[in-house]
Amino acid sequence: MAQIFHPNTNAISRASIFGALFAVVIAGWLLDSFNRSDYWTEVGVPRAQPVPFSHAHHVGDIGLDCRYCHASVETSAFAGMPATEVCLGCHSQLFNKAAILEPVRASLREQKPLQWNRVHHLKEFAYFNHSIHVAKGVGCSTCHGPVNEMPLMWKQNSLSMQWCLQCHRHPENYVRPKEAVFDMDWQPPADQAEQGRRLVELYHIAKLEPAGAAPQEPRKSASASKAAAAKSSPDDYFEEEQQTGAAPVVKFRDPLTNCSVCHR
Amino acid sequence: MSAAISSIEPMTLDALRRKLAERGSKPLWRSLDELAETPEFMEYLHREFPKAASEWQSGTSRRRFLQLMGASLMLAAAQGCTRQESQAIVPYVEAPRDFKPGQVQHFATATSRGGYGLGLMVESHDGRPTKIDGNPRHPYSHGATDVFAQASILNLYDPDRSQTVLNAGRISTWDQWLTELRPALDRVRAARGRGLSLLTGATSSPTLIAQIKDLLQQFPEAKWHIHEPCDLQQHRYGGQTAGQRPLDKLYDLTKAKRILALDADFLGSGPDSLRLTRQYAQRRRDELSSAQMTRLYSAGPAPNCTTAMADHHRPLPAAKVRNVLFRLNQMLSGAEAKWLPSGLAADEQAWVDTVAADLKQHGAESVVIVGDSQPADVHAFARDANRQLGCVGPQGCVRYVASILAAAADGVRPLAELVDDLNGQRVAVLAMLGGNPVYDAPADLDFAAAMKKSSATSIHLSAYDNETSQHCLWHIPALHELESWSDIRALDGTASIMQPLIEPLYGSATKSAHDLLGVLAGEKAPKSAYERVSAHWTQWLKDRQPIANFDVTWATWLQDGVIADSASEAIGADAALKAEPRDEAAPNQDLEKKSPTAKSLEIVFQPDVAVWDGRYANNGWLQELPRPISKLTWGNVAGVAPQLAERLNLQDGDLVTLTLDGRSVEAPVLRMPGHADNCVSVTLGYGRTRAGHVGNGVGFNAYLLRGRENLNSAQGLEIAKTGRKLDLAMTQHHHSLEGHVEWTDNTRPEPVRSGEIADFEKDPHFLQQEFDRHSPPSLLPNFEYSGYAWGMSIDLNSCVGCNACVVACQAENNIPIVGPEQVRNGREMHWLRIDSYYRGDPTSPETFFQPLACQHCEHAPCELVCPVAATTHSPEGLNEMTYNRCVGTRYCSNNCPYKVRRFNFLEYNDATTPVLKLLRNPEVTVRSRGVMEKCTYCVQRISAARIVAKREDRSIHDGEVVTACQAVCPAQAIVFGDLNDPKSAVNQRKASPLNYQLLGELNTLPRTTYMGRLRNPNPDLVALEADRSQAPNATVHPLDPQQLGAG
């Protein structure tokens, strides 16, 4: 029987098989990159609000403290949003005829709450608590960015798990003195690494490492498993110590990256 | 499956006994099927789920299934990339004082148990109640709750709740009702109330009673009836005690060394069961010497929590309780010459005599408890026995108080009179405040027919559009207890204010009984329930302390959940006997004729431990709750003794026709080890037709058999086999621990370790094995815990198997229900289950409970096999599940020797019904399909405590983290805490010589350990029972009717 395909077709078939595999991988990579992109996670995109409330004006120009409106940030998981009466505490006197504030006045008049559009939306299976972060020296601007420069609020960071873990693995890179938590202008000092380690120890931030030890890089997992390893594998917080002649003892390196800290 | 059952020759009791004897000295067994080694049981044992349980359930083909799977995979992939939908943040307009968003608040309130109050502490998340616990300050709660209180939060958010006023089944409005009612009310008023009938449930609410009395004053000829189907002391609503208040008994078991419970489930149900369980368990746990330890005797028709805890349980028909007490009183009085025959068989009488001697020896430190289902004269006998024992009095084991429930003394008339009035067209306006008499009134009254016959304007206030609403002209939706103000009194009279936790979910259409009574009284400007309750208590306070500041006191009452100094005063022993004298002559006539025989069986009606009188029938948590001992879910059965089943050739699930006085129902049979012979026990509350989506058509309606003369038990039942069979949804064989049935291997310790107090005194460590004290070497790595190390101890000596922990776990952790079909496939999702085991002869075995959740092993087999590291070991020793990482291989569950992991085979959580979203605990992820889940030691509570402690820069105190199961436990059987804290309560428990590891021989090093069960049998009775079992066929055959009366 005569050959149906020309011998050259072999090369074409090989190219198309490997090409297809390659295309799938590339497509996956593209999808993943897109999924994490600022465009898709809406990082840096100002969100419209029923009243164009400007943090830049209230925080940056006037110098209101964060806690004036977000009153439960030190005591509760949720930072809190101001009730209408809080807004009108000032605006019954200031700009009390301004058309832009009509929705606020209407809210009180009609006893109907304002509906703000959420800017920072964490997935439901991740549990975040403002109070403990504030109590341990994580400043507002560390996560929310320069709020004092935002006319309309936007998301400064993606809130992805990888982003959270940067700090949970190495809080010393981010913590600041407690008195500077609400300071929008605070900048990390030149010796942040050293200051940070001191604060981690001082504030009893959950790290089990002996004080002063150099922070370890997250281990690269050599084994094959590893969709999960891309995020965080148990290797991140286990450290196996082989003791001669006895069963190995597992020491936990970093309880802040333990799953149940955020997932329940 | 049913075909397989019928093909097997049923095994006779004698054969079962022989099998038991082959298995060594008194082994533990799990069910009659296990003893018989039926193929079904063997399959459950060897497979995690029954055969074909993993298959697609509906008629979908394999190809279609794969298509669906492919599609859902793509959807899942697509979903992973969806942008989060935008969400609104809605702050207050004016925020309430002291309110912090995102922070849990607790409010004290109370609930009703057959009219008696039970103090509650309700957790509220941002204004929505999510979890109910007991109020530690309330004398009948002590911080614990029963299953009903736990589950009632689901009733609040039940999508089937009635939401609008209905006029003859059509949607109407409250105003329409007011308009149309006015002429009828005016006519009634003109006739001084003649023709107005009021029907309520049992109540102790001072405000409600005062309101009704005001109404009756305004309408002197109006009538007030009470119908409480499962208030077993029906005599208080009329009859012989008219004009006098019936007595309530207040037991104090902290001093009781000997307890005789007759047809009484004082540990499992009743308004005081939580308090009595606490007292009983505490003494049982702390007094570990044969001189001090409580000894519990019980005798009664059907097995329950109390019979399971008893050191000696004697199956006994309900009708014979009178005989037992009669004999007991004879023995206690000691006047031998005047003794009349007791009507007991010789062996029964010997049992009573031995018990009586033991009680008499302990005098005032012993107490006789008789169940509420027994008639008034039996209670009088019990009072006499307690008086003779000398245990009545302020310092004794029992006190008597006048009942605080509204009764005949308050002008209450029985239900039968209302039915007569309805039939005689003497009712113009019938207002039913709650209740469901069309469904649950005695069958011979035929309430439905009377309703149809009557031309009265009938009004039904009810949370559900139920069987009775259907027969009424008007249906008014009722408020839930957590939506309205009211008040209530506990058994001892302690009053509580019931305060609402949430605005009415369905707006102003829903009303309370207070509102409806206001309308009937013709109030021009109706007061709110709050105004009524506060006005009543202002007056109460003024009468007592004229100078008190009401606002301050009121705030204290609300905060405490109890009103100080509101308890009733006790009545002395002699006065109590005088109040309800017993008829010396009457019982003797009854002694003989009431004994059941094989020809004329006894039937016992009991409220169901899960749906009670039927009011919780639409509550899925309760429907799916495995009943104590039988482990039945989704339905009720006719319980029979194994020996009766053998004589009648009945197997579990066989449908039989039960006929009593010409009325009959079809019911499935379940053999219950420890059930009284010649007796059938049925539970009420099933067979609802208009309960809602969950409760409709589940089980059979035992009310259809219940006549007005025999509300609690009756003689003359006939039983006939239909030849059909029902596949009961039981969990008894699910998740069987491997190993314990390898009977030949006697060295293997049993899952429940138990022994006698005498052995404990000889060697306190007698239940422990070598590996309980020193863990053997292991290849697996050990962990180093430098912070907390959480652990749990469960005391099997205390656990009464009441199931409260199972529902508490469900409420706390958003655990879904799966329905009867899925339960039959072994897919129930409870993270915590209570295993029950038997020991000894199948006719009257000892029963053991073992609550079992994830053991949080140090060497956890599950952690090793997870390919995606979804289950990991935490630095505090928890064995954690990360749901969003789980891909559902089920390897972990396969490798778990305790069988405590649960897999979401289908999307069991209802994520779409809006009102159910309010129910969820926001601190716990709502798991979706394809995810493995299990007990987390309430990690959300640990996290919450850790955050508070860290904010205050201290460590977590012992007792600061309380798991949901621990909080609810009336017996305090569960203790949780830090193992690294040498002073912690959990370490104290674990230091006990009774401490042991379940399946410790596998060297899994579980963090949860158990304390073995100690029993305190009476040596005289043990000897007596040994003699009896040696007598040929003594236990198998029914009592010979000829023998009765001869003793």
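In this predicted model, the interface between the two chains brings 49 residues of chain A into contact with 50 residues of chain B. On the side of chain A that touches chain B, the elements giving two or more residues are helices H1 (9-36), H5 (84-91), H6 (102-110) and H7 (130-135), together with strands S1 (116-117) and S3 (249-252). Strand S3(A) gives the most, with 4 residues. By class, this side of chain A has 25 nonpolar, 19 polar and 5 charged residues.

S1(A) is joined by 2 bridges to strand S2 (residues 88-89) of chain B, and the two run antiparallel. Within this pairing, A:Asn117 stands opposite B:Ala88. Strands of a sheet pair through backbone hydrogen bonds, in either a parallel or an antiparallel sense.

Strand pairing is also found within chain B, where 6 strands form a closed barrel in the order S23-S28-S25-S27-S26-S29, with mixed pairing. From one strand to the next, the twist averages 45°. Strands S23 (residues 601-606) and S29 (residues 713-725) of chain B pair in the antiparallel sense over 4 bridges. There, B:Glu602 of chain B stands opposite B:Gln715 in S29(B).

Returning to chain A, helix H10 (residues 192-202) contains A:Val200. This residue counts as buried because 23 other C-beta atoms lie within 10 Å of its own, whereas the criterion asks for 20 or more. A:Val200 and A:His170 are 30 residues apart in sequence, and their C-alpha atoms are 9.7 Å apart in space.

Technical notes. Residues numbered from 1 in each chain as written. Chains lettered and ligands numbered in written order. Predicted model: local features only at pLDDT ≥ 70, side-chain atom pairs only at ≥ 80, totals over all residues. Pairing = 2+ DSSP bridges. Axes fitted to C-alpha atoms, helices over the stretch in contact; angles between N-to-C directions. Buried ≥ 20, exposed ≤ 12 C-beta atoms within 10 Å, placed from the backbone. Contact = placed C-beta atoms within 7 Å. Nonpolar A, V, L, I, M, F, W, Y, C, P; charged D, E, K, R; others polar.
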